Amino acid sequence: MRDENCGTREFRQCVNEIAALMAYEVSRDMPTEDVQVKTPIKVATTKRLAGKKVVIVPILRAGLGMVDGILDLIPAAKVGHVGMYRDEKTFKPHEYFVKMPEDLESREMIVVDPMLATGGSAIMAVDALKKRGARSIRFVCLVSAPEGIKALQEAHPDIDIYTAALDECLDENGYIVPGLGDAGDRLFGTK
């Protein structure tokens, strides 16, 4: 996925697969309940997620690449959206869109974005959810920088952060080093 020669199709597939693998860890401590199902042979008792319903919240646009992987494990999850873009001069995020299911206070929120660089977009996304009543929030990314982890933890010490890779640092342009480039551009073949 990090290889600069990795094409759009392969990059999308990698993001999707890693998100699916991370979904197991993210959902590990979610409560389950016993349910009975009739098999072709007899009734069996199995487990399913209990309690709060799950909402996956991609930070647009790059977060969209992670949604299907998580839905593969939690197919009944709802999907909300938070639109953010980063000012390339100030590195500050700007919100332009939020659309959520109802009753956020009674749901498990999983915010997804492939990159956690400065932490600005993640912080603003979590702020937007809390403002709308969300109480249980997890943040999931593929590649992070120590600066982004620190900023998100300081702003929201009550949320868990899951990352597949913790890289060295941010460069002077606010990009993760060694990173993987612009995840949105790589997912959608834009420049």
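**View 1. Polar contact between Glu108 and Arg138 in the predicted model.** The side chains of Glu108 and Arg138 form a polar contact at 3.4 Å. Glu108 belongs to strand 7, which spans residues 107-112. With a relative accessible area of 9%, Glu108 falls under the 20% limit and is therefore classed as buried. Beyond residues up to four places away in sequence, Glu108 touches Met30, Lys52, Lys53, Val54, Val55 and Ser136 as well as Arg138. The C-alpha atoms of Glu108 and Ile137 lie 6.2 Å apart, although 29 residues separate the two along the chain.

**View 2. The largest nonpolar core.** This core comprises 31 residues, among which Ile70, Ile110, Val112 and Val140 have the most contacts inside it. At least two residues each are supplied by helix 1 (8-26), strand 3 (53-60), helix 2 (64-73), strand 7, strand 9 (136-144), strand 10 (160-166) and helix 5 (183-188). Helix 1 contributes the most, with six residues.

**View 3. Surroundings of Val112.** Apart from neighbours within four places in sequence, Val112 is in contact with Ile56, Val57, Pro58, Ile59, Gly63, Met66, Val67, Ile70 and Val140. Val57 and Ile59 are members of a second, separate core of 24 residues, which also includes Val98 and Ile137.

**View 4. A nonpolar surface patch at Tyr85, Tyr96 and Phe97.** Together, these three residues present about 340 Å² of accessible area. Tyr85 is located in strand 5 (residues 81-86). The relative accessible area of Tyr85 is 46%, so this residue is partly exposed.

Note on methods. Residues numbered from 1 in each chain as written. Predicted model: local features only at pLDDT ≥ 70, side-chain atom pairs only at ≥ 80, totals over all residues. Heavy atoms only, no water. Patch = residues over 30% accessible without salt bridge, like charges linked within 9 Å, V, L, I, M, F, W, Y side chains within 5 Å. Areas by Shrake-Rupley, 256 points an atom, 1.4 Å probe, with all protein chains shown as cover. Salt bridge = Lys/Arg side-chain N within 4 Å of Asp/Glu carboxyl O. Helix = DSSP H or I, 4+ residues; strand = E, 2+ residues; numbered from the N terminus. Buried < 20%, exposed > 50% of the residue type's maximum accessible area, 1.4 Å probe, protein only. Contact = heavy atoms within 4.5 Å. Polar contact = N/O pair within 3.5 Å; in protein donor to acceptor, adjacent residues only side chain to side chain. Core = buried A, V, L, I, M, F, W, Y, C linked by side-chain atoms within 4.5 Å.
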